[in-house]
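Q: I'd like to learn how to read a protein model, one feature after another. Can we go through it together?

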Amino acid sequence: MEQNQKRKRGRGYGGIGWIINKRINNFKVTFIDNRISILRTNEYAIIGVYLTANENTSATKLIKENEFLQLSHIYNELKKQFKVLIIGDFNCDIIRNQAHDKIMTHWLKNNKLCCMDVKYKDKNSFTYTKNETSSWIDHIVSPIDTMFIKNILIDDSESNCGDHLALSCELETNRNVGDKETIICKKKENKIIWNEKTKKIYYEKLQDNLNGIITHFSEHVYKDQKLLQTSVENLIKNLNMALLKSAKEITRENLVKKYKMKFNGWWDMNIKELYDDYRLSKKNYKENRTTINQIRYKMAKKAFRKRQEENKQLLEIKQLTKMNKLYKTNKKGFYSKVKELIDEKDEITIDLDDAKIEIEKLFNHGEVINKEIEDKSEEKLDEFMEKNSTTKYDYKINSEELISIIKNLSSNKAAGYNKITNEMFKYGISEKLVDILKLVYESLINYNINLKEFNIGLVKLLVKDKSKDPSDINNLRPLTISDTITIIFEKVILSEIRNSYNSSKNQYGFRSKSSCGHAVFALKELILFNKRKKKKTYACAIDASKAFDKVNRINLWSKMIDKIKACILRALINYYKNSKIIIFVNGQFTNTIKITRGVKKGGPLSPLLFSIYIDELSEILDFDDAGI
């Protein structure tokens, strides 16, 4: 709970907190910042506020305006799904109607809201008293036409010793308090902090943890296929452990505990000097309680607290001004940020077991359109694998290219099955790490080995159309999140295929130096040409449903024979041979599911594989002299 305190003694004041009845099972609390939080239940979203106090300065006015702007958009997002009310200390009295109060009055009018406590006031007409003055700055705010709030009360109980009176109300609900439908709350993971200092700590720690890991196998290992497979699996396991162990060093909890780091946005070197001076003067005063030590201690404490308040206010102004600027320049980005702040995610209501059945069916059962073509493809593929089953290649991965792939990995991406992020590879890159990866990848490419746990994807379901049923599998898009080590491997394979495979000249997608923009340009020029010739132009657009998921791998691999290097194709076939997925829905996981068709949606290699799969279509159109 954030507290803003200016008192010389006694407890601090101001803050947000929630006390929730244990019988309420289904709820979620999100803290936007130290002044706004949200409690969500089955039906209601209750926004709790503790807004800036009125100090009649331009700084607090700016903060107040931005606070109400932020509240507007949070409210407008939440009201799409919930009955919304806003409660707490607004530090505005709409009856008093001073400068800051007018900001709230304008906000209420624009959002068609009203203060229910003022509308249905009882014997009390204030909620806050100080000395001889009183004001009505605490409110229960809801839409003007609200029918779900009743029994609003300003409680002036003698047991309340504070300077604010309590506000209470009752909400009508359509569900029982003890409803058994619960949200599975996951334990919040200890966040890994990436900055210049922590990157250095992580790098040094990783190099220590990599010291015991081998970068080459003995000759006898290569002579036994099973031994080689086990050795590669153990190598990957040891590498994963080293990465995770090193990342643990820079978790927020460990950095605070071990390295005494501060992560408050208002902390800087100037305030650190004041803080050190404050701690030293406090220590001196405790050891020697003289008048001069007491004065020094009080002055140091006052200086530190003053700078702390100033820095907090500057940080708040900076954050709110940034949001305000974003609203004016990029409204789409602003709304995305608001959704991120209120932690709004599309809720998937499909049952986990139902999702497993449907996804397993999608990735394993497909109708054979042409049995003759499939039989020929399978025969061709069997012949290829038999021919290359014992062949040992001498493919070498270029170290500079591998380093470039690792450095260009995207940041802030979700971790896969092994909980290893792209940053763990990017910021730990070294000669030793590159040598370990080369040993893994070259073993997979040069030898006919199948790793059991290498290609496991974490499948998350995304809602396609929010206006449709989120429990309908046809309205859900399965997205596969791969482990970083497999993403790098796919990029290595991708680079090699691009160097050797020549796709059709009519294929604009998934090609180097080509895009949909080129296709649009060609179509536009054709339309203009036909228009000048007074001819019609006909276009056929095809939207292939679950295209990546339904790729027939046997047909795909057979199309690639003799078009890319045999060692690369064999490695790719083996990579997909043991492909498995784990489905993730609302905090729950299935066991591993083996999949036999489709290419990974979200994998860097998948667009090119799909392009190769449909490349024949362009050749058929050319042969028939149809299309552009």
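Q: Which charged residue lies over the face of Tyr 285?
A: This is a predicted model, so keep that in mind as we go. For a charge over a ring, look for the end of a Lys or Arg side chain within 6 Å of the ring centre. Here Arg 289 sits over the face of Tyr 285, with 4.8 Å to the ring centre. Lys 559 does likewise over Tyr 613, at 5.9 Å from the ring centre.

Q: And how many aromatic pairs does the structure hold?
A: A pair of aromatic rings is described by how far apart the centres are and by the angle of the planes. This structure has 20 such pairs. Take Phe 217 and Tyr 222: their centres are 6.0 Å apart and the planes make 65°, an edge-to-face pair.

Q: Are Tyr 575 and Tyr 576 buried or exposed?
A: Both are buried. They also belong to an aromatic cluster, together with Tyr 441, Phe 454, Phe 489 and Trp 557.

Q: What about Phe 217, buried or exposed?
A: The cut-off for buried is under 20% relative accessible area. Phe 217 has 7%, so it is buried.

Q: How do I check the length of helix H16?
A: Count 1.5 Å a residue, but use one less than the number of residues. H16 runs over residues 484–500, 17 residues in total, so it should span 24 Å; the C-alpha atoms at its ends are 25 Å apart, which agrees.

Q: Which residues touch the most other members of the largest nonpolar core?
A: That core has 77 residues, and the ones touching the most other members are Phe 425, Leu 437, Tyr 441, Ile 497, Met 560 and Leu 572. Helix H15 (residues 431–446) gives the largest share, 9 residues. Leaving out residues up to four places away in sequence, Leu 437 touches partners including Leu 239, Leu 402 and Phe 425. Another core, of 31 residues, lies apart from this one, and Val 49 and Leu 165 are among its members.

Q: Last one: where is Ser 135?
A: Look in strand S7, residues 133–135. Ser 135 is buried, at 9% relative accessible area. Beyond four places away in sequence, Ser 135 touches Asp 93, Arg 96, Phe 126, Thr 127 and Tyr 128.

Definitions and conventions: Residues are numbered from 1 along each chain as its sequence is written. This is a predicted model: local features need pLDDT of at least 70, side-chain atom pairs count only at pLDDT 80 or more; totals for chains, interfaces and linings use all residues. Side-chain values use heavy atoms; hydrogens and water are left out. Rings of Phe, Tyr and Trp (its six-membered ring) pair if their centres lie within 6.5 Å; planes under 30 degrees apart count as stacked, over 60 as edge-to-face and the rest as tilted. Buried means under 20% relative accessible area, exposed over 50%, partly exposed in between (1.4 Å probe, protein chains only). A charge sits over a ring if NZ of Lys or CZ of Arg is within 6 Å of the ring centre and within 35 degrees of the ring normal. Helices (H or I, at least four residues) and strands (E, at least two) are DSSP runs, numbered from the N terminus. A nonpolar core is a set of buried Ala, Val, Leu, Ile, Met, Phe, Trp, Tyr and Cys residues joined through side-chain atoms within 4.5 Å. Contact means heavy atoms within 4.5 Å.
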